[in-house]
Amino acid sequence: MPLFSMKKKAEFQKVLYRPQPYPDNYTDEKLFLNSLKRNKNLQTFSFLECVDQGQLPLQQLCCTVMFFLLHFIDLNVTDGMIYSMALVTVVGYLTITGFSVHEIRTVILFGGFLFGLSPIIQTLTRAVSDDTIYAMVSMGLFTNFCLHDYSISNGDYMSRCVSFNAAIFSAVCLASRLDGLNSVQGTIILAILIYGVVPKLTKRLSGSKVMPFFTLIFLLGSVCLSYLSVPIIIAPLVISAFACLLIIPAFFVHLQKQKDNIFGPWDEAVLKDLGCKGGNRDITAE
């Protein structure tokens with residue numbers, strides 16, 4: 001019989017900051033698979049929710065098509081049209097973002113650069129061929145579409161900035177091929193309205209009953225402009241609409257059933273505060 005009786009080893013508890021006779025990396029073999037969980041905190045989406053989110057890329061595609069096709073329509077841009085577009089852009093932007101000093105200063109800065117640099121923009125790419133200009137415009141609009149923020153909440157700030165700058169770059173390239181300051185200013189203002197104001201408005205209206213009407217207006221507008229200028233793109237546009245609103249949402253809902261994630265002791269511990277008990281605060285790890 002030993003001189004000193006050995007105390008029974010305390011049962012292991014998955015509790016932090018409590019002295020235990022076990023190493024930090026100890027795992028109880030009996031409880032190892034008991035904490036295994038499948039699809040923990042899994043968030044599923046219904047078909048209508050996916051369709052609602054699919055409207056955002058479709059609207060962006062329609063806006064891009066309308067902006068590009070307006071360049072091929074011979075319009076007599078008057079001073080009244082310029083002032084009206086500028087007024088709608090400024091009022092819409094300030095209404096959405098707020099009439100703060102910072103936003104008003106931004107509007108004044110953009111307006112000053114636009115009207116001051118219009119003569120320079122008009123002759124900016126005179127020595128560049130049309131094929132090169134249209135190639136740069138296509139790359140800029142494609143970059144805008146790919147990096148556009150389609151999330152409901154505020155997404156990546158850098159992605160939004162690159163997307164907007166790519167759209168303005170394409171607008172400057174298109175405006176440099178036009179004759180007349182009014183056409184140049186109208187193209188830049190239209191780009192700011194489509195790529196700066198409209199996305200903020202659609203993000204606010206996402207999930208509301210008004211959103212489908214905006215999508216329908218954008219789709220009909222792009223189809224009408226395509227019919228007037230380049231009818232061959234009507235079919236790809238309609239196919240894209242069906243893909244964004246029906247095919248891709250249905251495929252995404254189907255793939256949700258295949259999702260199978262497992263969570264166990266090998267994952268990072270998440271601290272959970274259980275509150276004070278007997279004057280001591282217990283913190284467990286899940």
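In this predicted model, helix α2 (residues 79–97) runs alongside helix α6 (residues 181–205), with axes that come within 9 Å and cross at roughly 25 degrees. That angle is under 35 degrees, so the two helices count as roughly parallel to each other. The crossing of α2 and α6 is left-handed. On the α2 side, the residues involved include Ile 82, Met 85, Val 88, Tyr 93 and Ile 96, and they meet a set in α6 that includes Ile 189, Leu 190, Leu 193, Val 197 and Leu 201. By class, twelve residues of this contact are nonpolar, six polar and three charged.

Helix α6 also packs against α3, this time at an angle of about 135 degrees, with the axes 9 Å apart. The pair is therefore oblique, and the crossing is right-handed. Phe 110, Leu 114, Phe 115, Ser 118, Pro 119, Ile 121 and Gln 122 of α3 make the contact with Leu 181, Val 184, Gln 185, Ile 188, Ile 189 and Ile 192 of α6.

As for Tyr 195, its contacts beyond four places in sequence are Gln 60, Cys 63, Thr 64, Phe 67, Leu 141, Asn 144, Phe 164 and Ala 167.

Conventions: Residues are numbered from 1 along each chain as its sequence is written. This is a predicted model: local features need pLDDT of at least 70, side-chain atom pairs count only at pLDDT 80 or more; totals for chains, interfaces and linings use all residues. Side-chain values use heavy atoms; hydrogens and water are left out. Axes are lines fitted to C-alpha atoms, for helices over the stretch in contact, and angles run from 0 to 180 degrees between N-to-C directions. Helices (H or I, at least four residues) and strands (E, at least two) are DSSP runs, numbered from the N terminus. Angles under 35 degrees count as roughly parallel, over 145 as roughly antiparallel, 65 to 115 as roughly perpendicular and the rest as oblique. A crossing is left-handed if the near helix is turned anticlockwise from the far one by less than a right angle, and right-handed if clockwise. Contact means heavy atoms within 4.5 Å. Ala, Val, Leu, Ile, Met, Phe, Trp, Tyr, Cys and Pro count as nonpolar, Asp, Glu, Lys and Arg as charged, and the others, Gly among them, as polar.
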